[in-house]
Amino acid sequence: MKLFKNLYAYRELLKTNIKKDIRGRYKGSVLGILWSFINPLLQVVVYWIVFPYLMGRGAMDGENYLIYLITGLIPWSFFMTTVGAGTTIIKSNAGIIKKVYFPREILPISTVASGLVNFFISCIIIIVFLLGTGVGVSIQIVLVPVIAIVEATLALGIVFILSALNAYIQDIENIVQFILNMLMYGTPIIYQLKQFSSAGILYQLISLNPMTTIINAYRDAFMYHQWFDWKPLALVFLLGVVTTWVGYLIFKKLEKGFAEQL
């Protein structure tokens, strides 16, 4: 397959781009990579204060709401940040695209790969809180990389499509940001799905959201210390593979006009 041949032939460029994405994210920052910890922590603190106390939601049926938030927000942040950054990756590299030949697919792939590295770094926060609150960790935590690969595969397919379209229609990045903000509330991150009636339309729509399956799998591994249901996660992985394949075809079709459009 041409994609894998290109990745192997330009593997050094791919490594360089991944390192650049990770370092560039915090370039000029005093705290540097510590922001990988600080950003999700600040977000968790805000929701932890607002929802249980200001909105009177309480502790959600006796569950540890702080851990519930952390195990949802940090994986979601990985998806949202990766898709958001990936959408603009072609436009933000317009200068090099116009001057130098290289497989353009390296750009979205490196964005997703660097996001995956940052996510694994952020997982340290989850583990610290699991240990600090007494929830602890279990053998199921070894499956977190498997879930992350499923999430990254889905994100890559979306990034292939959106980054290519954004080179032609630059309103895409604003639309994507709005959709991501809305999608967060369509995923059981700050609330529980069981709050809704199983016969209701909201329950059905949220259940069909692929990110619901992914977030639930993370919580099973991190919080509930149980093996997640393989079937729905396998279906999401299949969706991710199909999306990546279709996205790659769309990307290759549209990349011919990148230099002219940018």
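Predicted model: local features only at pLDDT ≥ 70, side-chain atom pairs only at ≥ 80, totals over all residues.
Colleague: What makes up the secondary structure of the protein chain?

Modeller: The protein chain has 13 helices and 0 strands. Of its 262 residues, 48% count as buried. Among contacts with a separation of 6 or more, residues 24 or more positions apart account for 81%.

Colleague: How is a pair of packed helices described?

Modeller: By the angle between the two axes and the distance between the axes.

Colleague: Take α4 and α8, then. Why is α4 called roughly parallel to α8?

Modeller: The two pack at an angle of about 25°, with their axes 8 Å apart. Angles under 35 degrees count as roughly parallel, so α4 is roughly parallel to α8. The crossing of this pair is right-handed.

Colleague: Which residues of α4 and α8 meet?

Modeller: From α4 there are Pro75, Phe78, Phe79, Thr82, Val83, Gly86 and Thr87. They meet Ala148, Glu151, Ala152, Leu154, Ala155, Ile158, Val159, Leu162, Ser163 and Asn166 of α8. By class, that contact has 11 nonpolar, 5 polar and 1 charged residues.

Colleague: Which residues make the contact between α4 and α11?

Modeller: On α4 they are Tyr68, Thr71, Gly72, Pro75, Trp76 and Phe79, and on α11 they are Met211, Ile215, Tyr218, Arg219 and Phe222. The class count is 8 nonpolar, 2 polar and 1 charged.

Colleague: Why is α11 called oblique to α12?

Modeller: Helix α12 spans residues 230–254, and α11 packs with it at an angle of about 130°, the axes being 9 Å apart. Roughly perpendicular ends at 115 degrees and roughly antiparallel starts over 145, so α11 is oblique to α12. The crossing of α11 and α12 is left-handed. Pro210, Thr213, Ile214 and Ala217 of α11 meet Pro232, Leu233, Val236 and Leu239 of α12. This contact has 7 nonpolar, 1 polar and no charged residues.

Colleague: Now for single residues. How do you know whether isoleucine 215 is buried or exposed?

Modeller: Isoleucine 215, in helix α11, has a relative accessibility of 0%. Buried means under 20%, so isoleucine 215 counts as buried. Not counting residues up to four places away in sequence, isoleucine 215 touches Thr71, Gly72, Pro75, Trp76, Thr187 and Pro188.

Colleague: Why is asparagine 166 called buried?

Modeller: Asparagine 166 is in helix α8, residues 144–168. Its relative accessible area is 0%, and the limit for buried is under 20%, so asparagine 166 is buried.

Colleague: What makes the pairing of asparagine 166 with glutamate 173 a polar contact?

Modeller: The distance is 3.2 Å between the side chains. The cut-off for a pair of N or O atoms is within 3.5 Å, with one able to donate a hydrogen and the other to accept it. The pair therefore counts as a polar contact. Leaving aside neighbours within four places in sequence, asparagine 166 is in contact with Thr87, Thr88, Lys91, Ile172 and Glu173.

Colleague: Threonine 153 has 16% relative accessibility; why is it put in its class?

Modeller: A value of 16% is under the 20% cut-off, so threonine 153 counts as buried. Threonine 153 lies in helix α8, and its side chain reaches the backbone oxygen of isoleucine 149 at 2.7 Å. Beyond four places in sequence, threonine 153 touches Phe237, Gly240, Val241 and Thr244.

Colleague: What makes lysine 15 partly exposed?

Modeller: Lysine 15, in helix α2, residues 11–24, has a relative accessible area of 44%. Buried is under 20% and exposed is over 50%; 44% falls in between, so lysine 15 is partly exposed. Lysine 15 and serine 110 are 95 residues apart in sequence, and their C-alpha atoms are 7.7 Å apart in space.

Note on methods. Residues numbered from 1 in each chain as written. Heavy atoms only, no water. Contact = heavy atoms within 4.5 Å. Helix = DSSP H or I, 4+ residues; strand = E, 2+ residues; numbered from the N terminus. Nonpolar A, V, L, I, M, F, W, Y, C, P; charged D, E, K, R; others polar. Buried < 20%, exposed > 50% of the residue type's maximum accessible area, 1.4 Å probe, protein only. Axes fitted to C-alpha atoms, helices over the stretch in contact; angles between N-to-C directions. Parallel < 35°, antiparallel > 145°, perpendicular 65-115°, else oblique. Left-handed = near helix turned anticlockwise from the far one by under 90°.
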